Amino acid sequence: FSGGTLDVTVHAIQSDGSIKEVHKVTGGPYGGIKVNQEFEKLLEELFGKTNLQSYRQNYCSDWLSLMNDFEAKKRGDRILEKDAMINIRLPRSFVTLANASGRSALERHGRGNIKLKNDEYLSLSSEMMQKLFRPTLQRIKDHLKSLLQQPKLSKVKTMLLVGGFADSALLQKEIKSTYSSRRMRVLIPNHASIAVVQGAALFGKKPTTIAE
């Protein structure tokens with residue numbers, strides 16, 4: 001699970017410890033960046049599409065700071081807590097835009113779901129945060145379901161989540177609740193975001209690890 005895409009491949013571990021590819025890489029544009037795009041759509045709805053486009057052009061570093069804070073918050077555990085509010089820090093330049101254009105739109109979403117807090121944070125309920133994930137999570141689960149229905153993959157026993165998006169607490173919960181069973185294990189290494197790089201380095205040192 002990387003920032004832009006979902007890439008799924010299936011391997012079998014051989015008796016000598018080497019790895020054989022059972023199914024080629026498949027996937028699609030279902031990575032964490034799609035959740036970011038849903039957040040951007042929400043901002044456009046709240047503060048106006050034209051206003052947001054102008055802001056991105058005129059305050060590039062502030063926009064990057066805003067999206068970096070959202071990136072950190074979308075991976076956190078608070079998104080799983082019922083009735084929790086997730087605070088996304090707003091640059092001062094964005095607060096000015098929000099106060100000028102967003103009050104009525106905030107009201108339409110209800111006071112409990114979206115708030116401007118102390119002119120410093122955009123505060124989203126856990127329900128609203130999870131809503132941003134739903135289209136992407138559904139596409140991921142649909143793709144995995146179609147793969148696992150193939151007869152040659154009927155013996156798959158372990159699912160390994162790696163990549164930047166795999167650090168998301170909500171993604172982990174969804175995959176585990178859907179696929180963890182007596183037949184299937186879902187494993188997520190510590191620091192899943194760098195596991196792909198580590199794997200590439202190990203493969204570079206010992207390419208014979210991939211036997212076929």
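**Aromatic pairs and their helices**

Reply: The secondary structure of this protein comes to 8 helices and 7 strands, where helices (H or I, at least four residues) and strands (E, at least two) are DSSP runs numbered from the N terminus. The model is a predicted one, in which local features need pLDDT of at least 70 and side-chain atom pairs count only at pLDDT 80 or more, while totals for chains, interfaces and linings use all residues. Residues are numbered from 1 along each chain as its sequence is written, and side-chain values use heavy atoms, with hydrogens and water left out.

The structure holds 5 aromatic pairs; rings of Phe, Tyr and Trp (its six-membered ring) pair if their centres lie within 6.5 Å, and planes under 30 degrees apart count as stacked, over 60 as edge-to-face and the rest as tilted. One of these pairs is formed by Phe-39 and Phe-70, which are stacked at 4.0 Å centre to centre with 5 degrees between the planes. Because Phe-39 lies in helix H1 (residues 32-47) and Phe-70 in helix H3 (residues 60-75), the pair ties together parts that are 31 residues apart in sequence. Both Phe-39 and Phe-70 are buried, a term that means under 20% relative accessible area, with exposed meaning over 50% and partly exposed in between (1.4 Å probe, protein chains only).

Phe-47 and Phe-94 form an edge-to-face pair, 5.2 Å centre to centre and with 85 degrees between the planes. This pair links distant parts of the chain, with Phe-47 in helix H1 and Phe-94 in helix H4 (residues 92-101), 47 residues apart. Both Phe-47 and Phe-94 are buried, and together with Tyr-55 and Tyr-59 they form one aromatic cluster.

Helix H3, which carries Phe-70, has 16 residues and reaches 23 Å from its first C-alpha to its last, close to the 22 Å expected at 1.5 Å a residue, the expected span being 1.5 Å times one less than the number of residues. Its buried residues are Trp-63, Leu-66, Met-67, Asp-69, Phe-70 and Lys-74. They cover an arc of only 155 degrees around the axis, which puts them on the same side of H3; the arc is that of the directions from the helix axis to the C-beta atoms. The face of H3 turned away from this buried side carries the exposed residues Ser-61 and Leu-64. Over the ring of Trp-63 sits the charged end of Arg-56, 5.2 Å from the ring centre, where the cut-offs require CZ of Arg or NZ of Lys within 6 Å of the ring centre and within 35 degrees of the ring normal.
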